[in-house]
Amino acid sequence: GVTPNQLSIISLLFGLGAGVAAACGGLGLCAVSLGLSGIFDLFDGLVARARGIASDSGEVIDVLADRYSEIAVYVGILIFYRGTLALQLVAIIALEGSGMVTYASAKVEALRASVPAILMRRHERVAYLTAALWLSGFALPLERHAGWGSATAVPLIVGLTIIAVLANYAAVRRM
């Protein structure tokens, strides 16, 4: 009884919650929320096609929910790591690459050309980011209680760097 648009909204709510969790330092909670956002995002399109109710407006709602969710997580990371310039720069480049993958795909489709099947669609970006956040969430107690310096930044920098490089490469390849 759940509509595809309702699934998109649920995905958006989990994505926004992930952003808030990241901003507050709840990196493990952010990973769980982002993962759930990604799962609901997978199901909205499947439900729409299975019921034969896929529409242009539903696709727009889905894309907007996806973009706002991703932006919320990156902004949350930027807020939490406001004192770590390297991580902020990598996060900004990853965010830009994520947006460009979506933009390039939409532009190519609008020109009625075929979009090359290449890496870094949203589910892949969510998987990399969720894994990096999860690992950083495990490192956070070590950083806070054992005096391990910036242990949380390492997995997140690696994950964001992978996204930044591959997403920007994929966007250029799409164009």
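Residues are numbered from 1 along each chain as its sequence is written, and side-chain values use heavy atoms, with hydrogens and water left out. As the model is predicted, local features need pLDDT of at least 70 and side-chain atom pairs count only at pLDDT 80 or more, whereas totals for chains, interfaces and linings use all residues.

Three aromatic pairs are present in the structure, where rings of Phe, Tyr and Trp (its six-membered ring) pair if their centres lie within 6.5 Å, with planes under 30 degrees apart counted as stacked, over 60 as edge-to-face and the rest as tilted. One of these is formed by Phe14 and Phe40, whose ring centres are 5.7 Å apart and whose planes stand at 15°, so the pair is stacked. Because Phe14 lies in helix α1 (residues 4-23) and Phe40 in helix α2 (residues 27-51), this pair ties together parts that are 26 residues apart in sequence; helices (H or I, at least four residues) are DSSP runs, numbered from the N terminus. Phe14 is partly exposed at 29% relative accessibility, and Phe40 is partly exposed at 22%, where buried means under 20% relative accessible area, exposed over 50% and partly exposed in between (1.4 Å probe, protein chains only). In the pair of Phe80 and Tyr81, the ring centres are 4.8 Å apart and the planes are at 75°, so the arrangement is edge-to-face. Phe80 is partly exposed at 21%, whereas Tyr81 is buried at 5%.

The structure holds zero disulfides (pairs of cysteine sulfur atoms within 2.5 Å). For Cys24, the nearest cysteine sulfur is that of Cys30, 10 Å away, which is too far for a bond. Cys24 is exposed, with a relative accessible area of 64%, while Cys30 is buried at 0%.

Key. Helix = DSSP H or I, 4+ residues; strand = E, 2+ residues; numbered from the N terminus.
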